[in-house]
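Visitor: Could you walk me through how to read a few features of a protein model? I'd like the general idea and then the actual case.

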Amino acid sequence: MAAKNGVYMAHVQTSKPPVRMATLDLLRLVAALAVVGFHFLFRGELASDGHDQAYPSASGFAIYGYLGVNLFFLISGFVIAWSAEGRDFARFALARFARLYPGFIVCMTITFLTLLIAADPAFPVSFVQFVANLIMFSPALGQPFMDGVYWSIVLEVIFYGWVAVALFFGVFERWKTGLLAGWLLLSAANEFLLGSGALRLIFLTEYGPLFVAGILLHHMHSRGYSLEGLSLFIAAFFMSTATMISGQGWMQVHYGQAVPLTGLVLANITIYGLMLAAIRFNGSIASSPLILMLGGLTYPLYLLHQHIGYIALDAVSPLLGSWGAFAAITAVLLILSWIIWRFIETPARKAIMGFLIPYADMVSQRFVARKMVAAE
C-alpha cells in the first residue's frame, strides 16, 4: 500500500504554475476589443437584435472584428495545452471550472437584470431563461442564451472536456500528435463532405483547426520543432482558412455583406502572425499587475458587452452622439469588467480551488488505485 501511495503521489503531483506570457494577455485584449468593435460598430446596426446607431466610417474595418473569436480559440489551444502539463484530469477540470463558471454566473446575472429592467422588446428575458443559463448550455433546455456571445463559451467548455478525457486516459501527451491529426481529418471530412451539425458541435469541426494549431504551437514551443509538428500546423492553418471562407455565405445572408476572400486570407495570416509574434517576443514584455489586469478583464468584457452595450448605446447616443456613446459605453464596460475580475472572479476562483482541490485529488487517487489493481 505504501508503494501504491508513493506511485499515486508521483502521478498527481502538479508542477508549479507556469509563468504567464504577458504577450498572450495583451493578445487576449486585442481579441476582445476586436469583437466589441464588430458588435458595436458593424453588427449592431444591421441585426434585428442590435442597436440603432450607424458607424459608416468604421464598419468596413469593424466587420473583421468577429475574427477576434478565432484568435481567442487559437490562444486557447496554446494556453490549455500549457495548463494541462503537470496536471491530472481532476485538477485540470477543476481549474477550468473555477476559471469559467464564477465569472460567467456574475456576468450572466448582470445581463439578465439589465435586460429585465430595460424591458427592450428586442431582448426579452424570463426567469426560466435565467435558470436555464445557469448551466451554460441553455439551448439544451430549450432556452436561448442570455447573450449571443455565449455560443463560443460553450465551444470552449467542450474543448476543455475533450482535453480532460485525454488526460483521464493518459493519452494527451503520449498520443498528442496522432490525436490532433485525427481531429484535423475529422474536421475536414465533416466541414467539406458530411456537413453534420452534431459532429460540428461535439467535435468542434468548424473551429477545431484553430484549437489544434494552438496546441501544436505550445508543443513545438516547449519541446522543439519537428517535421511532424510543422506539417500538422501548416495543415491546421490552411484548414482554418478554408472554414473561414465557408462562413462567407452565412455573413452574406445575415448582414447583407461579408469579408472578401482576399481579406479573409490576409486576416487569418494576421491572426497566426500575431500569435507567433506573441510567443516569439514574449520575453521582451515583462508580466506586470497592469498586464495581468488587462488580460484578466477580457473574459467579463466579452461576456457583458453585446446586449448590454446595444441597449446602452441607444440610451446614451442622444446625449453624447454615436461616437461619444461608443467611447463612454466601452469605458464603462472596461471598468465594470475590471471590478468583476478583481473583486469577484479572482477571489471566487481561489476559493473554489482551495476548497475543492482535496476532493479532486481524492478522485485522482481512486482512479490511479483502480488502474493499478487492474494491472496487477
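Guide: Happy to. Keep in mind that this is a predicted model.

Visitor: Which helices each supply at least two residues of the nonpolar patch?

Guide: Those are helix H7 (150-168) and helix H9 (197-202). Phe169, for its part, sits in the loop between H7 and helix H8 (176-194).

Visitor: And Phe169, does it count as buried or exposed?

Guide: Exposed, because its relative accessibility is 53% and the cut-off for that class is over 50%.

Visitor: What is the lining made of, by residue class?

Guide: The lining of the second largest pocket splits into 15 nonpolar, 8 polar and 6 charged residues. Several helices each give at least two residues to it, including helix H4 (68-84), helix H11 (227-246) and helix H15 (298-375). The largest share, 4 residues, comes from H2.

Visitor: Now salt bridges. What's the general idea?

Guide: Side chains of opposite charge can pair when their charged atoms come close. Searching the whole structure turns up 9 salt bridges. In one of them, Asp25 pairs with Arg28, with 2.7 Å between the closest N and O atoms.

Visitor: How far apart are Asp25 and Arg28 in helix H2?

Guide: They are 3 residues apart, so about one helical turn separates them. Asp25 and Arg28 are both buried.

Visitor: Which residues are linked with Glu173 and Arg223 in a network of salt bridges?

Guide: Glu85 and Lys176 join them in that network.

Visitor: One more pair, please: are Glu191 and Arg200 buried or partly exposed?

Guide: One of each. Glu191 is buried, with a relative accessible area of 16%, whereas Arg200 is partly exposed at 29%. Their side chains form a salt bridge at 3.0 Å, N to O.

Notes:
Residues are numbered from 1 along each chain as its sequence is written. This is a predicted model: local features need pLDDT of at least 70, side-chain atom pairs count only at pLDDT 80 or more; totals for chains, interfaces and linings use all residues. Side-chain values use heavy atoms; hydrogens and water are left out. Buried means under 20% relative accessible area, exposed over 50%, partly exposed in between (1.4 Å probe, protein chains only). Ala, Val, Leu, Ile, Met, Phe, Trp, Tyr, Cys and Pro count as nonpolar, Asp, Glu, Lys and Arg as charged, and the others, Gly among them, as polar. A salt bridge is a side-chain nitrogen of Lys or Arg within 4 Å of a carboxyl oxygen of Asp or Glu.
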